[in-house]
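Biologist: Please take one part of this model and look at it closely for me. I want the charged pairs, one by one, and then their surroundings.

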Amino acid sequence: MKEFEFTTFLTSNIDIGEDELQKLSHTCRSVSLKKGDFLLREGETCKHAFFVEKGMVREYSIDAKGREHLLLFAAEGWFLTNAESVYFDLPSDYFIQAMEDARVLLIEQTSINRLSEQHPSFASFNTRLLHSRILHLQTRVTQLLSASAEERYLAFVKAWPYLPLRVPQAQIASYLGITPESLSRVRKELAEKNYRPPK
């Protein structure tokens with residue numbers, strides 16, 4: 001399992017000095033999670049952004065019938081947060097849970113706000129992250145409304161070719177908005193067509 005240091009991520013994306021990196025690191029908290037541990041539970045108010053340095057986490061909700069609905073996966077080098085909870089100070093509708101043993105950096109929203117005020121490059125970068133999340137969610141909504149199960153699966157594998165090797169099939173099905181049986185059928189039909197996933 002690879003690792004992705006937060007400082008490496010920042011210096012490769014924005015112009016930030018060593019002093020500012022040190023100040024930021026003092027406001028962050030690194031947590032080690034076992035598979036199944038939670039960073040956030042439904043009903044809690046999210047106060048942090050999360051950066052995955054090692055392992056993988058997922059964000060999902062549970063409906064009134066007890067069914068899980070998976071919103072996203074986040075592996076090494078990914079940011080995530082429950083935006084509605086952070087920005088509007090609302091109880092979260094989602095859980096954020098480790099899918100593997102993981103190490104995650106907790107970054108206080110106040111630190112992100114301060115960096116955005118002091119460093120235009122960070123503000124621009126933070127805006128790009130937010131826009132990327134919006135684009136990701138809009139694409140998912142469009143796929144769920146109009147794409148076939150096969151089209152959803154092919155788009156998923158193209159975007160994240162490594163995830164099918166790390167994520168249980170039932171959770172991939174939940175992410176795609178189809179049943180595990182439908183996903184099995186799609187994979188079987190693709191295999192019969194000699195489909196080879198991208199590497």
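Modeller: Start with lysine 193, which forms a salt bridge with glutamate 150 (a side-chain nitrogen of Lys or Arg within 4 Å of a carboxyl oxygen of Asp or Glu). Their closest N and O atoms are 3.3 Å apart. The pair links distant parts of the chain, 43 residues apart. Lysine 193 sits in the segment after helix H8 (180-192), while glutamate 150 belongs to helix H6 (residues 149-159). Helices (H or I, at least four residues) and strands (E, at least two) are DSSP runs, numbered from the N terminus. Lysine 193 counts as exposed, at 54% relative accessibility. Glutamate 150 is partly exposed, with a relative accessible area of 22%. The cut-offs are under 20% relative accessible area for buried, over 50% for exposed, and partly exposed in between (1.4 Å probe, protein chains only).

A word on the source: this is a predicted model, where local features need pLDDT of at least 70 and side-chain atom pairs count only at pLDDT 80 or more, while totals for chains, interfaces and linings use all residues. Residues are numbered from 1 along each chain as its sequence is written, and side-chain values use heavy atoms, with hydrogens and water left out.

Arginine 58 forms a salt bridge with glutamate 68, with the closest N and O atoms 2.7 Å apart. This pair also links distant parts of the chain: arginine 58 is in strand E4 (residues 57-62) and glutamate 68 in strand E5 (residues 68-74), 10 residues apart. Arginine 58 counts as buried at 6% relative accessibility. Glutamate 68 is partly exposed, with a relative accessible area of 35%.

Glutamate 53 forms a salt bridge with arginine 103. Here the closest N and O atoms are 3.1 Å apart. Glutamate 53 lies in strand E3 (residues 48-54) and arginine 103 in strand E8 (residues 102-108), so the pair ties together parts that are 50 residues apart in sequence. Both partners, glutamate 53 and arginine 103, are buried.

One group goes beyond a pair: salt bridges join Glu76, Glu100 and Arg166 in a network.

What about the setting? The chain has eight helices and eight strands. Buried residues make up 41% of its 199 residues. Along its principal axes the C-alpha trace spans about 55 × 40 × 30 Å.

Helix H5 deserves a look. H5 has 27 residues and reaches 39 Å from its first C-alpha to its last. That is close to the 39 Å expected at 1.5 Å a residue (1.5 Å times one less than its number of residues). Phe122, Phe125, Arg133, His136 and Arg140 are buried in H5. An α-helix has 3.6 residues a turn, so residues three or four places apart point the same way.

Helix H5 (120-146) also supplies at least two residues of a nonpolar patch, as does helix H3 (83-88). Tyr87, Phe88, Leu90, Leu130 and Ile134 make up this surface patch of about 500 Å². Patch residues have over 30% relative accessible area and no salt bridge; nonpolar side chains (Val, Leu, Ile, Met, Phe, Trp, Tyr) are joined within 5 Å, like charges within 9 Å. Areas come from the Shrake-Rupley method with a 1.4 Å probe; for residues, only the protein chains shown count as cover. Leucine 90 lies in the loop between H3 and strand E7 (95-98). Leucine 90 is partly exposed, with a relative accessible area of 42%.
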